[in-house]
Amino acid sequence: MPEPTTTEAAPLGQTPSQTVGPFYGYALPYERGGEIAAPWRPDAIRLHGTVTDGAGETVPDAILELWGLDADGQPVAQRGSLERDGSTFTGFGRAPADRDGHYSFTTIKPGRRDAGAAPYLLVTIFARGLLHHLFTRAYFGDQPAENETDTVLAGLAPERRATLIATPDAPGSYRFDIRLQGDGETVFFDFGQEL
């Protein structure tokens, strides 16, 4: 009679990430989510653009989040990000891309927080095909002197630096297109690593 054999179970590993969905349009957008500042404010600006994939095709179901400091360069402590009252600047918003991959936010231009850092808006992108959301920054093209002193921008090659610059396209309006990969890919940041 043969001896019974024993088998030891291999240690369980981490389940790999996978994309499911996209389901963003059902849960994440909320009413007036792109109105971080009321459009009627005299200091209100518009940040808008198009999200494209590696083939240059628009991404119609992306969700973007925008965070920014106040005009004095201070973090915002006001409540109301999810329930807009029409006047409070909350510093945070979330907006979907439309069928043409276009998104739009109304906010204010942030002030400079630290010496050696130009004013910018933090942009987070959720989209199909992404295992994890992406982080980038939108600096302002009409502030070249401040941008020249920014340590993050200075650390990038000029052609890569250009992907972080929001271009003025009308009074109080800036265009910031986001390319997820391929030629002209937007610079994305890994906040798990030291910059």
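Analyst: Arg 94 counts as buried, at 14% relative accessibility; buried means under 20% relative accessible area, exposed over 50%, and partly exposed in between, with a 1.4 Å probe and protein chains only. Its salt-bridge partner is Glu 65, and the closest N and O atoms of the two are 2.8 Å apart. Glu 65 is also buried, with a relative accessibility of 13%. Arg 94 belongs to strand S3 (residues 92-96) and Glu 65 to strand S2 (residues 63-67), so the bridge ties together parts that are 29 residues apart in sequence. Strands (E, at least two residues) and helices (H or I, at least four) are DSSP runs, numbered from the N terminus.

The model is predicted: local features need pLDDT of at least 70, side-chain atom pairs count only at pLDDT 80 or more, and totals for chains, interfaces and linings use all residues. Residues are numbered from 1 along each chain as its sequence is written, and side-chain values use heavy atoms, leaving out hydrogens and water.

A salt bridge here is a side-chain nitrogen of Lys or Arg within 4 Å of a carboxyl oxygen of Asp or Glu. By this rule there are six salt bridges.

Another of them joins Asp 142 to Lys 109, with 3.1 Å between the closest N and O atoms. This pair links distant parts of the chain, 33 residues apart: Asp 142 is in the loop between strand S6 (134-140) and helix H2 (144-149), and Lys 109 in the loop between strand S4 (102-108) and strand S5 (120-126). Asp 142 is partly exposed at 39% relative accessibility, and Lys 109 is partly exposed at 23%.

Arg 175 and Asp 177 also form a salt bridge, at 3.1 Å from N to O. Arg 175 is partly exposed at 29% relative accessibility, as is Asp 177 with a relative accessible area of 40%.
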